[in-house]
Amino acid sequence: MELPECWYSADAEEELRLTKELLLELIPTHALHGLNIKVVAHRDGANDDILCKHTDKEDLFTVVHLTWSMKPEVDARYPTIDFHGTYTEFLKWEELQY
């Protein structure tokens with residue numbers, strides 16, 4: 001998978017660290033809670049923007065903006081979902097961000 005500029009594949013250590021924080025922040029009423037997702041990338045210089053692949057869907061990705069609160073959030077709007085769609089749509093969305 002070729003990532004856009006400013007995005008980097010998460011190595012095993014980064015994937016573990018970012019997934020741990022994501023799962024910690026998600027409360028039962030959050031849209032991503034209980035879904036099968038895997039952290040595949042993060043934005044350069046911003047470990048709060050992560051790209052997740054839905055492992056039970058062929059081409060479904062979500063960009064999540066972590067809060068790094070290091071505890072469960074109290075509001076299901078957080079962490080925010082900045083993008084949700086196919087990889088091609090992600091690439092188009094990313095082009096519009098900058």
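Modeller: Start with a network of salt bridges that links Arg43, Asp49 and Glu94. The model is predicted: local features need pLDDT of at least 70, side-chain atom pairs count only at pLDDT 80 or more, and totals for chains, interfaces and linings use all residues. Residues are numbered from 1 along each chain as its sequence is written, and side-chain values use heavy atoms, with hydrogens and water left out.

Colleague: What makes Glu94 and Arg43 a salt bridge?

Modeller: The N to O distance is 2.8 Å. The rule asks for a side-chain nitrogen of Lys or Arg within 4 Å of a carboxyl oxygen of Asp or Glu, so the label applies. The pair links distant parts of the chain, 51 residues apart: Glu94 lies in helix H2 (residues 87–97), Arg43 in strand S2 (residues 37–43). Helices (H or I, at least four residues) and strands (E, at least two) are DSSP runs, numbered from the N terminus.

Colleague: And what joins Asp49 to Arg43?

Modeller: Another salt bridge, with the closest N and O atoms 3.0 Å apart.

Colleague: Why is Arg43 called buried?

Modeller: Its relative accessible area is 7%. Buried means under 20%, exposed over 50%, partly exposed in between (1.4 Å probe, protein chains only). Therefore Arg43 counts as buried. Glu94, at 6%, is buried too.

Colleague: How many salt bridges does the rule give?

Modeller: The count is 3.
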